[in-house]
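Subject: Structure handover

Hello,

Here is the structure we talked about, with notes on what was found in it below.

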Amino acid sequence: MNRRTVLLMGGIAVALSACGIGATQPKIGADGRPLPRVYKINGATADKIPFRVLDSINTLRAAKGAAPLALNAELNAAALTHSRDMSVQNRPWHFGSDGSSPLLRVQRVGYSGKFLGELISETYETEMETLAAWMAQPDTRDVVLDPMARNLGFAWYQEKAGKIWWTLLTGA
């Protein structure tokens, strides 16, 4: 093979890779949809997640004529505590390993407002996919769109294998 042929073949390979030709396709499940991929949260992403969720929720609330929510440090702390605790218990549910309810957890962190609702999820999905799943169900959608809500707490805990435990709290 001469040098010109090698350069030509190399150029074609670069051009094809830039076009996505020959790129690996996502694995497809039996239902014809792409199989989920692990969503790894890094430091740069972690800082943006609460604001993406807040902006998305406020957009949804505006469409329904509800007042916007504001992130609340106490509710964020209660959400983080519960996300970690669900991981320790290895089950998504609304009670802490000490038997605490969502109401008790928000009181423990000093939240002086009225607790309204809690949403939880155990998943490998992104925060936006999780929010979409909550919005797809009437009971969880009602928590997000509750017209009385003014405060939002949102946090997660990600295990080393990638599983994410999401917690969302609302209050007034």
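Helices α5 and α6 pack at about 110 degrees, their axes lying 6 Å apart. (Axes are lines fitted to C-alpha atoms, for helices over the stretch in contact, and angles run from 0 to 180 degrees between N-to-C directions.) The two helices are therefore roughly perpendicular, a term that covers 65 to 115 degrees. Helices (H or I, at least four residues) and strands (E, at least two) are DSSP runs, numbered from the N terminus.

This is a predicted model: local features need pLDDT of at least 70, side-chain atom pairs count only at pLDDT 80 or more, and totals for chains, interfaces and linings use all residues. Residues are numbered from 1 along each chain as its sequence is written, and side-chain values use heavy atoms, with hydrogens and water left out.

In the contact (heavy atoms within 4.5 Å), L131, A133, W134 and M135 of α5 meet T140, R141, V144 and L145 of α6.

Within α5 (residues 127-135), E127, T130, L131, W134 and M135 are buried, meaning under 20% relative accessible area with a 1.4 Å probe, protein chains only. These residues fall within an arc of 140 degrees seen down the axis, so they line one face of α5; the arc is that of the directions from the helix axis to the C-beta atoms. They pack against α2 (43-63), β2 (115-123), α6 (138-145), β3 (151-158) and β4 (164-171).

The open sheet has 4 strands in the order β1-β3-β4-β2, with mixed pairing; two strands pair if DSSP finds at least two bridges between them. Strands β3 and β4 run antiparallel, joined by 8 bridges.

Regards

Technical notes:
Buried means under 20% relative accessible area, exposed over 50%, partly exposed in between (1.4 Å probe, protein chains only). Angles under 35 degrees count as roughly parallel, over 145 as roughly antiparallel, 65 to 115 as roughly perpendicular and the rest as oblique.
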